[in-house]
Amino acid sequence: MLWPSQDAKTKGAAPASNLSMNQTLEGHNGSVMVVNWNENYRKLTTSDQYGLIIVWMLHKGMWFEEMINNRNKSVVRDMKWTSDGQKICIVYEDGAVIVGSVDGNRLWGKELALSLALVEWSPDGRT
């Protein structure tokens, strides 16, 4: 497919942005591999190459670690919040599946004899 070339005025120019803050989040020792946003509770969830999960919250204009979890067994392959933001499902490469609540409580867990890659909630957030 061919795309029209940009005119000389806009070529190489950065697109307009509505970035309102820029902060380096420190807490991971390895490369961040999975990132997920909880829109309802305004929380950022990150996981690194070692399986460390951090839930970040914005407080007085700064991001802070609200919760930290490291299963120390496997790498997180994917994680998703329900559409209402109440629950998160985390799947690990070794087949572990964990469902937790937004306040950090473990609600359910299962070890599957599978190598997992992705997770998705049903639209109603129940399965």
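The model is a predicted one, and in it Thr 82 counts as buried, with 5% relative accessibility. A polar atom of the Thr 82 side chain lies 3.3 Å from the backbone nitrogen of Gln 86. Leaving aside residues up to four places away in sequence, Thr 82 touches Lys 87, Trp 121 and Gly 125.

**The sheet around this loop**

Which strands make up the sheet that holds β5 and β6, and in what order? The order is β5-β6-β7-β8, an open sheet of 4 strands with antiparallel pairing. At its edges stand β5 (76–81) and β8 (106–111); each has a single partner strand, so one side of each is left without a neighbour in the sheet. From one strand to the next, the twist averages 10°. Further in, β6 (residues 87–92) and β7 (residues 96–101) run antiparallel and are joined by 5 bridges. To find your way along this pair, look for Ile 90, which stands opposite Ile 98 in β7.

**The other sheet**

Another open sheet has 4 strands in the order β1-β2-β3-β4, again with antiparallel pairing. Its edge strands are β1 (32–38) and β4 (62–70), each of which pairs on one side only. Neighbouring strands here are turned by 20° against each other on average, direction ignored.

β1 runs antiparallel to β2 (residues 43–48), and 6 bridges join them. Asn 38 stands opposite Lys 43 in β2. The two strands form a hairpin with 4 residues between them, and Arg 42 in the turn has a positive phi of about 55°.

**Charged pairs**

Side chains of opposite charge can pair when their charged atoms come close. How many salt bridges does the model contain? The count comes to 6, and the table shows some of them.

| Salt bridge | Closest N and O atoms |
|---|---|
| Glu 66 with Lys 43 | 2.3 Å |
| Arg 71 with Asp 94 | 2.9 Å |
| Glu 111 with Arg 71 | 3.5 Å |

Glu 66 and Lys 43 form a salt bridge. This pair links distant parts of the chain, with Glu 66 in strand β4 and Lys 43 in strand β2, 23 residues apart.

Arg 71 forms a salt bridge with Asp 94. Here too the pair links distant parts of the chain: Arg 71 is in the loop between β4 and β5, and Asp 94 is in the loop between β6 and β7, 23 residues apart. Arg 71 counts as buried because its relative accessibility is 16%, under the 20% limit. Asp 94, at 32%, counts as partly exposed.

Glu 111 also forms a salt bridge with Arg 71. Glu 111 lies in strand β8 and Arg 71 in the loop between β4 and β5, so this pair ties together parts that are 40 residues apart in sequence. With 54% relative accessibility, Glu 111 counts as exposed. Through shared partners, salt bridges join Arg 71, Asp 94 and Glu 111 into one network.

Key: Residues numbered from 1 in each chain as written. Predicted model: local features only at pLDDT ≥ 70, side-chain atom pairs only at ≥ 80, totals over all residues. Heavy atoms only, no water. Pairing = 2+ DSSP bridges. Axes fitted to C-alpha atoms, helices over the stretch in contact; angles between N-to-C directions. Buried < 20%, exposed > 50% of the residue type's maximum accessible area, 1.4 Å probe, protein only. Polar contact = N/O pair within 3.5 Å; in protein donor to acceptor, adjacent residues only side chain to side chain. Contact = heavy atoms within 4.5 Å. Salt bridge = Lys/Arg side-chain N within 4 Å of Asp/Glu carboxyl O.
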